[in-house]
Amino acid sequence: MKQYTVEANYFYGSILPHDTNILHLIKGHPDGTVISFNRKTFGSQKWEAWYNYPDYGLSFQYQDNKNSELGDLYGLYAHFNFYFFKRNLQFRVGQGVAYCTNPYDRETNYRNLAYGARYMPSTYFMLNYHKPDIWRGLGFQTGVNFVHHSNANIEAPNTSTNTIAFNVGLNYTIPTKDSIAYIKHPKEKFTEPIRYNAVFRSGVNESDVVDSGQYPFYVASLYADKRINHKSAIQAGADFFWMLYLEEFIRYQSIAYFESNYNGDADYRRIGVFVGHELFINKLAIDTQFGYYIYDPSDKFGPLYQRLGMKYYITKNVSAGVSLKTHISRAEAMEFNLGIRL
């Protein structure tokens, strides 16, 4: 059973002043559009019923930042729509890539400290009152959306922006010849023993010092997880970090700020322990992890870190994905992952 919908939203909002380094870039209220194409689910697979028949699809977003130095943004995203309160409340999660029309350039646009790269990862959330098929397939929705643009320290500078906005729009359900009904699947008890995971993560990043150079990094993660139902597993484990940019940054700090007696020989390697949650959506999974460094001589970000990631199970035991490692609002790395679950 297949049925599709399209949506168009207009939004108007504000860039949140989360960092003093971007205050000079906030000159107006950004606005823009979000255009979406969705495929509805009706329970042909059990997970669709367990998640109250979500939609999945693609969305395009344009954001006018009202500042030529900051540039405008064009984004392409994959998203899920989840429904609550008799399907009147729609919650969307979108992840994709955005294009900035005027990123930082040390000669022509040195004031744009928000975006250090022309292409960057982007995430958005949308919470709407959603009313479809009011008249001949037409409906409407209205609510709020939040969008985060950051190049994840792949290239400096990377102060990033967070935009919160009100939105209003129309939706249209493309008609089908066949009548479609939701298929119900009762919840089933699910038990599974503790499983053990090994994940290798890698990528490139740069310190906050502009033009200090991009360096590869490597992360080894070992953890155990316990499925508590079909949707969720809890996690606990450890991360071992080899962030090569940090070795150069430690040396830079000791020379540039010698009056602070910064130890230029400090170890750049780190070890952290974490707890987390894994949300299973068919073959996709979303990891949310909170960590604490038990070994961190550099002390660049403080003791706490977080990770938000998405992965796809290629087989029952092998997954590949991408994750964002942050320290509250300060992103450190976009990690590309390959994992095994035994």
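1. Residues are numbered from 1 along each chain as its sequence is written. In this predicted model, local features need pLDDT of at least 70 and side-chain atom pairs pLDDT 80 or more, whereas totals for chains, interfaces and linings use all residues.

2. A barrel is closed by 8 antiparallel strands in the order β1-β2-β3-β4-β5-β6-β7-β8. Strands here are DSSP runs of E, at least two residues, and helices runs of H or I, at least four, numbered from the N terminus; two strands pair if DSSP finds at least two bridges between them. Strand β1 (residues 4-15) is joined to β2 (residues 31-40) by 9 bridges, and Asn9 stands opposite Val34 in β2.

3. Phe241 and Tyr305 have ring centres 5.5 Å apart and planes at 90 degrees, so the pair is edge-to-face (centres within 6.5 Å; planes under 30 degrees apart are stacked, over 60 edge-to-face, the rest tilted). Phe241 is buried at 1% relative accessible area, and Tyr305 is buried at 1% (buried is under 20%, exposed over 50%, partly exposed in between, with a 1.4 Å probe and protein chains only).

Definitions and conventions: Heavy atoms only, no water. Phe/Tyr/Trp six-rings, centres within 6.5 Å; stacked < 30°, edge-to-face > 60°.
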